[in-house]
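Please consult the sequence and the coordinates alongside the text.

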Amino acid sequence: MKTIKVMMRFPASQTDKPVTSYLVRDYNLVFNILQAQIHPGMRGELTMELTGSEEDLANGIAFLRGEHIEVVVVSRSIVWDCDSCVHCGACTAVCPSAALSLGSDGLLSFDESKCVLCELCVKSCPLSVMAVNYTEN
Ligand code: SF4
Ligand code: SF4
């Protein structure tokens, strides 16, 4: 089994189709929606994790593309806007991997190599200077 992240862009004509249900029913895939901007009759965007066998993932993505949905496999990372950070330390209290820490100088540091992408810091930052970034592979 493998988990990938995909960004799907729907043409207006496809936003009312339950394609995620088809991914479960016909391709044995498990999905976890990370971000959605879908409005019937308008162009839409959906980012989600898909879990399944290599073959089922490939077949499911081929199905989506056959429905004229643009599918891009993406990588996810956490971005810290250090210039806007006030070094309050709130994010360090929730970070489970010590990727975020306050130094003896009272300044926050971010060790990306320790980050497990749980996104708790994004939710905890009062200034929203931690963010999730998606890049196309
Ligand atoms: S919670 Fe936000 S403002 Fe506070 S230290 Fe963390 S990133 Fe900086
Ligand atoms: S995403 Fe999770 S592990 Fe990574 S820096 Fe934020 S709180 Fe720490």
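The points below treat the sheet, the helices and the ligand in turn.

This is a predicted model, in which local features need pLDDT of at least 70 and side-chain atom pairs count only at pLDDT 80 or more, while totals for chains, interfaces and linings use all residues. Residues are numbered from 1 along each chain as written, chains are lettered from A and ligands numbered from 1 in the order written, and side-chain values use heavy atoms, without hydrogens and water.

**Sheet**
- An open, antiparallel sheet is formed by five strands in the order β2-β3-β1-β4-β7; strands are DSSP runs of E with at least two residues, and helices are runs of H or I with at least four, numbered from the N terminus.
- Because β2 (30-37) and β7 (130-136) each have a single partner strand, one side of each is left without a neighbour in the sheet; strands pair if DSSP finds at least two bridges between them.
- β4 (residues 70-80) pairs with β7 over seven bridges in the antiparallel sense, and R76 stands opposite Y134 in β7.

**Helices**
- α1 (residues 19-27) packs on the sheet and touches β1 (2-10), β2 and β3 (44-52), where contact means heavy atoms within 4.5 Å.
- α2 (residues 54-66) also packs on the sheet, touching β1, β3 and β4.
- V19, Y22, L23 and Y27 in α1 meet D56, N59, G60, F63 and L64 in α2.

**Ligand**
- Among the 13 residues around ligand 1, those that come nearest are C85, C88, G89, C91 and C125; a residue is near if one of its heavy atoms lies within 4 Å.

Terms used. Axes fitted to C-alpha atoms, helices over the stretch in contact; angles between N-to-C directions.
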